[in-house]
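Let's take a walk through this protein chain, from its overall build down to a handful of single residues. Have the sequence and the 3D view open as you read.

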Amino acid sequence: MAEQINNLTFAIIKPDAVRAGHTGKIIDRIIGGGFRIRALKMIQQSRAQAEGFYDVHRSKPFFAGLTEFMSSAPCVVMVLEKDGAVRAWRDLMGATDPAKADEGTIRKEFGASVGENATHGSDSDENAAIEIGYFFNRLEIV
Ligand code: GDP
């Protein structure tokens, strides 16, 4: 059966949140939010891998800091399933800047700054498919 791509998104628990011991609490929020975890693994990205992932931000002033941070320590990468998964996961994460994120969101609770904001989520179905393929092969999505 063909996968309905609008039901999947790609998520990262970023190095700051893993380092702080928030992995379990964030996974709990994901499950409590009605997502099904289709794939999950802990990895440490190389600098080149992080640069490839954030290629769209290559010209931004924060690119070097962002890719240094994302490759500095382990992170948890996941494929999440839910109806309208991209929107639903971004709503649960909250705004990019934790200071501007709504109460009750993951970034509000666990994010320290716009750079170290606890989680990543795809911003479109098209990018979700690209990002899932960047970290997972088909056999790892169960
Ligand atoms: P997202 O989709 O909410 O993650 O936000 P973006 O796609 O705009 O940015 C990707 C990531 O780059 C964010 O999650 C932040 O970690 C980082 N970032 C974005 N804007 C800034 C900024 O102005 N300063 C710093 N230091 N990091 C930023």
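For the charge count here, Lys and Arg are taken as positive and Asp and Glu as negative, while His and the chain ends are left out. On that basis the protein chain carries 17 positive and 19 negative side chains, and the centres of the two sets sit 2 Å apart. Keep in mind throughout that this is a predicted model.

**Overall build**

Seven helices and four strands make up the secondary structure of the protein chain. Read from the N terminus, the order is β-α-α-β-α-α-β-α-α-β-α.

How does the radius of gyration compare with that of a compact globule? For 142 residues such a globule would come out near 14 Å, and the protein chain has 14 Å, so the two agree. Along the principal axes, the C-alpha atoms fill a box of roughly 45 × 35 × 25 Å.

Of the 142 residues, 46% are buried.

In soluble globular proteins, nonpolar side chains tend to be buried together. Here, the largest nonpolar core holds 19 residues, and the ones with the most contacts inside it are F10, I12, M70, V77, V79, F135 and F136. At least two residues of this core come from each of strand 1 (8–13), strand 2 (36–43), helix 3 (47–53), helix 4 (63–70), strand 3 (75–81) and helix 7 (125–135). Helix 4 gives the most, with four residues.

Setting aside neighbours within four places in sequence, M70 is in contact with I12, K14, P15, Q45, A50 and Y54.

There is also a second, separate core, this one of 18 residues, with A11, A17, I27 and F35 among them.

**Helix 5 and what follows**

Which residues of helix 5 are buried? In this helix (residues 85–93), they are A85, V86, A88, W89, L92 and M93. The cover over these buried residues includes strand 1, helix 2 (23–32), strand 3, helix 6, strand 4 and helix 7. Just past the end of helix 5, G94 takes a positive phi of about 90°.

Most residues other than glycine have a negative phi. A118, however, has a phi near 75°, a positive value in a residue that isn't glycine. This alanine lies in the loop between helix 6 (106–110) and strand 4 (119–121). Is A118 buried or exposed? With 0% relative accessibility, A118 counts as buried, because anything under 20% does.

L40 belongs to strand 2 and is partly exposed, with a relative accessible area of 43%. Apart from neighbours within four places in sequence, L40 is in contact with I27, V76, V77, M78 and F136. Two of these names came up above: V77 and F136 are listed for the largest core, and I27 is part of the second one.

R58 is placed in the loop between helix 3 and helix 4. R58 counts as partly exposed, at 43% relative accessibility. Not counting residues up to four places away in sequence, R58 touches E51, G52 and F63.

Finally, E103 sits in the loop between helix 5 and helix 6. With a relative accessible area of 68%, E103 is exposed, since that is over the 50% cut-off.

| Pair | Separation in sequence | C-alpha distance |
|---|---|---|
| L40 and V86 | 46 residues | 17 Å |
| S113 and S59 | 54 residues | 20 Å |
| R58 and G133 | 75 residues | 20 Å |
| E103 and R138 | 35 residues | 36 Å |

Notes
Residues numbered from 1 in each chain as written. Predicted model: local features only at pLDDT ≥ 70, side-chain atom pairs only at ≥ 80, totals over all residues. Heavy atoms only, no water. Rg over C-alpha atoms; globule rule 2.2 N^0.38 Å. Buried < 20%, exposed > 50% of the residue type's maximum accessible area, 1.4 Å probe, protein only. Charge placed at Lys NZ, Arg CZ, Asp CG, Glu CD. Core = buried A, V, L, I, M, F, W, Y, C linked by side-chain atoms within 4.5 Å. Contact = heavy atoms within 4.5 Å.
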